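Colleague: I have not seen this structure before. Please show it to me, and I will ask about the terms as we go.

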Amino acid sequence: MDTSLNFELTSPALKRLMAELESLDIAQTQFPLAITVPASEIEPWSLLNANPNLPRVCWSERDSVSSIFGLGSAASVEMEAGGDAADCFAQCQQLLNGNTQLRCYGGFSFDGSAHWKTFGAGLFVIPRIVLSENKLTLAVMDAEDIERCRQELTQLNIDSQPLNSRLPTPVEKIYQPTFDGWQSRIDEALSLIRAEALEKIVLSRKAKLRFAEALDPIALTARLSVSTHDCFVFCFDFGDESAFVGATPERLFFREGNRLYSEVVAGTRVRGENSEADELLAKELLNSDKDQREHDIVRKSIRQKLHKFVEHLEVDSQASILRLAKKQHLRSNVCGTLKDGVDDGMLLNRLHPTPAVGGYPTDNALPEIARIEPFSRGWYAAPVGWIGGEDSQFAVAIRSGLVSGRTLTLYSGAGIVRGSDPDEEWQEIENKIQDYMDVLGH
């Protein structure tokens, strides 16, 4: 039996999409086109898992309710190393051509370089198929794209089997840098701060986990989506057997028309074993001079970076506590009204990197990060998210890792300011990868 034909005939959602496609009046159709049909019979994680040879995208908003599961590529935009993110945004908007039902999903590298194969300096994809809220949406870019849609629909694997959520246990963990290397780098950073070259610098570490068998990025992302809350959960698998996954609490910006929403997330403690211990840790964080100074630096930077772009800006004067599953952070909300002519590319170029992942002053911190850190960050701590016809959402890709075969490379960072202690900062970056270690049973 022809398997692809079997999928076409037995999936009601695919049959509906095919019927809608065949009934198009091309002369009366405005492209790009989004065709949406009910698809309550399709389980999202199983759909991604059953099509490993296609580009796969998962994006879950922080409310954990609004999630999309994308397959294939109807169109894409790639940014070359050293390119301008604003040009990338403009190309995405040109592809969307005012369509408010389709979105471009992807992100950029931290420093505009292209050290990660497949991901490059920046890459965005309009998925061919998106499953969200029990609906299946097909993206048709132009009249010539219709035949490609037919072919790709018949090749799509609709697997009703539940996703195998078993994850392998790490057999080896390698740190880069090691603790001794970390301590020497913290000492170097503190000397820069004492010399008043910097107020803050964020240094990161890689923890490379090796497994006896391949790690499934979809199964890992599914487990993260259950075990974390108040986080943006994402998976970008563009092929070449590598996937970038994460569960980040930090929004870079959300733009809805001319309204802008951002936030400051800096300062960390673990969650307590009970409510009393949890409250004590929260009070300790709120009363910590070191953490409040680190938070104030980011808050000050946000005001400085946005004031030319907004008619009105509100920034919380007092930080509150953002409680996650395993950690709690200081958070201040930011909202404003954008001036006419301010677009997503301008916002991203202005806001990234924030002092929460780079340092302050930014222009001084970034060259020192490149000099001190023994690796390229790739997409870690960079903007990831989506671009829509009328709005956009970007998060900062912290609490993230690169899956490649039997290896998971986890990235975590710590903000170094006057008074930072290498042992405490090492424990902080260990705490920041704990969500992964928990779901991996380690």
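Modeller: This is a predicted model. A place to start is the pair α6 and α12, where α6 passes α12 in a right-handed crossing.

Colleague: Which residues make that contact?

Modeller: On the α6 side they are F179, W182, Q183, I186 and D187, and on the α12 side P422, D423, E425, W426 and I429. Sorted by class, six of the residues in this contact are nonpolar, one is polar and three are charged.

Colleague: How do you know that the length of α6 is close to what is expected?

Modeller: α6 has 16 residues, and from its first C-alpha to its last it reaches 22 Å. At 1.5 Å a residue, the expected value is 22 Å.

Colleague: Which residues of α6 are buried, and what covers them?

Modeller: The buried ones are G181, W182, I186, A189, L190, L192 and I193. Their cover includes β10 (200-210), α11 (362-372), β22 (407-416) and α12. Just after α6, E196 has a positive phi of about 65°.

Colleague: What makes K290 count as buried?

Modeller: Its relative accessibility is 15%. Buried means under 20%, so K290 qualifies. K290 lies in helix α9, residues 289-306.

Colleague: Which residues is K290 in contact with, leaving aside neighbours within four places in sequence?

Modeller: They are G415, V417, R418, S420, E425 and E428. E425 is also among the α12 residues in contact with α6.

Colleague: Why is α9 called oblique to α10?

Modeller: α9 and helix α10, residues 344-351, pack at an angle of about 140°, with their axes 10 Å apart. Roughly antiparallel needs an angle over 145 degrees, and roughly perpendicular ends at 115. About 140° falls between those limits, so α9 is oblique to α10.

Colleague: What is the handedness of that crossing, and which residues make the contact?

Modeller: The crossing of α9 and α10 is right-handed. I302, Q304, K305 and L306 of α9 meet L347, R350 and L351 of α10. By class, four residues in this contact are nonpolar, one is polar and two are charged.

Note on methods
Residues numbered from 1 in each chain as written. Predicted model: local features only at pLDDT ≥ 70, side-chain atom pairs only at ≥ 80, totals over all residues. Heavy atoms only, no water. Helix = DSSP H or I, 4+ residues; strand = E, 2+ residues; numbered from the N terminus. Buried < 20%, exposed > 50% of the residue type's maximum accessible area, 1.4 Å probe, protein only. Contact = heavy atoms within 4.5 Å. Left-handed = near helix turned anticlockwise from the far one by under 90°. Nonpolar A, V, L, I, M, F, W, Y, C, P; charged D, E, K, R; others polar. Expected span 1.5 Å × (residues − 1). Axes fitted to C-alpha atoms, helices over the stretch in contact; angles between N-to-C directions. Parallel < 35°, antiparallel > 145°, perpendicular 65-115°, else oblique.
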